[in-house]
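These are my notebook entries on a structure that I looked up for the first time. I began with a term that the entries rely on.

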Amino acid sequence: MANTTDDSHPNRSAFPAGVSGPALRALNVAGVRSMSDLTRWTETDLAALHGMGPKGLDLLERALEESGRSFRQR
């Protein structure tokens, strides 16, 4: 049964709609609290987080690009 509450991440509204609960929990555990925090992470490092899948990465990347930002490059 899917978690229908907003308790997957303390700042769920800071991330694009559609990012899954497991991906939000992975971000929370990693200390990522905002889209701006994502610019300090490489896509590879985020992909290694337990719960972060390709869909979540794609949504986050597109949201960063729409705001003129990107993941950190190696």
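Entry 1. I noted that a polar contact is a pair of N or O atoms within 3.5 Å. The model I examined is predicted.

Entry 2. I then looked up aspartate 37, which lies in helix α2, residues 35-38. Its side chain reaches the backbone nitrogen of arginine 33 at 2.7 Å. Is aspartate 37 buried or exposed? I recorded aspartate 37 as buried, because its relative accessibility is 12% and the cut-off for buried is under 20%. Setting aside residues up to four places away in sequence, I found aspartate 37 touching Gly31 and Val32.

Entry 3. I followed glycine 31 next. This residue comes just after α1 and has a positive phi of about 85 degrees.

Entry 4. Which residues of helix α1 are buried? For this helix, residues 21-29, I listed Gly21, Ala23, Leu24, Ala26 and Leu27. I saw that the buried residues of α1 pack against α2, α3 (43-47) and α4 (54-66).

Entry 5. I turned to leucine 27 in more detail. Apart from neighbours within four places in sequence, leucine 27 is in contact with His9, Phe15, Val32, Arg33, Leu38, Leu46, Met52 and Leu60.

Entry 6. I finally examined the largest nonpolar core, which has 17 residues. Those touching the most other members are Phe15, Leu27, Leu38, Leu46, Met52, Leu60 and Phe71. I noted that α1, α2 and α4 each supply at least two residues of this core.

Methods:
Residues are numbered from 1 along each chain as its sequence is written. This is a predicted model: local features need pLDDT of at least 70, side-chain atom pairs count only at pLDDT 80 or more; totals for chains, interfaces and linings use all residues. Side-chain values use heavy atoms; hydrogens and water are left out. Helices (H or I, at least four residues) and strands (E, at least two) are DSSP runs, numbered from the N terminus. Buried means under 20% relative accessible area, exposed over 50%, partly exposed in between (1.4 Å probe, protein chains only). A polar contact is a pair of N or O atoms within 3.5 Å; within protein, one must be able to donate a hydrogen and the other to accept it, and residues adjacent in sequence count only if both atoms are side-chain atoms. Contact means heavy atoms within 4.5 Å. A nonpolar core is a set of buried Ala, Val, Leu, Ile, Met, Phe, Trp, Tyr and Cys residues joined through side-chain atoms within 4.5 Å.
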